[in-house]
Amino acid sequence: MNVISSSSGNDSLAMTQWALENDVPDLHHVFCDTGWAAPGWMQRVERIHRWAETQGVKTHVVSSLGMAELVRMKSGFPGNGQQFCTAHLKGLPFLQWIDEADPDCKAVVLVGKRREESDARAGTPEFVYGSEYHGGRKLWHPLYLHTTAMRNALLARAGFEPLPHRSLECNPCVNANRADFLRLTPGEIERVNDLEVEVSQPMFRAKRFGALGIHGVIAWAKSGRDRGDIEEEEAQCAGLFGCGL
């Protein structure tokens, strides 16, 4: 088995096209439902799965406990430096699925990380043998040397336009930036606000944006104010299971 751990974003989709062009056998496309996707994102997943199935790829949607339930369980939101969302919403569901589908741990897991994406990913290897995060299976980053132009060419050959943003499988992400906040729908904003009220904790730390609560953060995003003289924080989604890719 060759298993694509997908967020249905640009890189995951381009990697699927690459695998098809390179005759990678027994392909499985696995999407973990975080319960926190943007409106319309699951329709995109369905479109990608319909396309993949016409190419002979087996597709799977794996359920998780969902972001809202995770926040209730933890009595707070994940944040920079403590992204337990990745482990609970993607890692554990993916591992439970693949352990059942591949009990002998012979499968290869494909993730669409690219070195060009950021300094943090500049050292991404092509392979990780015996990945501890994937049950000891081999982890493969086929697009690790691909540029954005090369990735977009793969998307074009698959018949898809590149998105102007990362995957919206988890929206808003704990690492959201100004553009991400401005893209939120009123319903998404209220979903965050309701959960913040329920657990009596803000999703985004006041120190990061000089604002308390999602409505304050949206006001900050609209105002164009700088974040202030604070230490710059890494804002990288965990890439072990294809988050954001």
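Student: In which loop is Pro 172 found?

Tutor: Pro 172 is found in the loop between helix H5 (148-158) and H6. Helices here are DSSP runs of H or I with at least four residues, strands are runs of E with at least two, and both are numbered from the N terminus. A cis peptide bond, with omega of about 5 degrees, joins Asn 171 and Pro 172. This is a predicted model, in which local features need pLDDT of at least 70, side-chain atom pairs count only at pLDDT 80 or more, and totals for chains, interfaces and linings use all residues. Residues are numbered from 1 along each chain as its sequence is written, and side-chain values use heavy atoms, with hydrogens and water left out.

Student: What handedness do the crossovers have?

Tutor: A crossover is right-handed if, with the strands pointing away from the viewer, the path from the first strand over the helix to the second runs clockwise. The chain passes from E2 through helix H2 (residues 41-54) to E3 in a right-handed β-α-β crossover. E1, helix H1 (residues 10-21) and E2 also make a right-handed β-α-β unit.

Student: Why is strand E2 described as largely enclosed?

Tutor: Buried means under 20% relative accessible area, exposed over 50%, and partly exposed in between (1.4 Å probe, protein chains only). Strand E2 (residues 27-33) is largely enclosed by the rest of the structure because 6 of its 7 residues are buried.

Student: Is Asp 23 buried or exposed?

Tutor: Asp 23 is exposed, with a relative accessible area of 65%. Asp 23 lies in the loop between H1 and E2 and has a positive phi of about 55 degrees, although it is not a glycine.

Student: Which helices do the buried residues of H9 pack against?

Tutor: An α-helix has 3.6 residues a turn, so residues three or four places apart point the same way. The buried residues of helix H9 (residues 213-223) include Ile 214, Val 217, Ile 218 and Trp 220. The buried residues of H9 pack against helix H6 (178-183), helix H7 (186-199) and helix H8 (206-209), where contact means heavy atoms within 4.5 Å. Just after H9, Gly 224 takes a positive phi of about 80 degrees.
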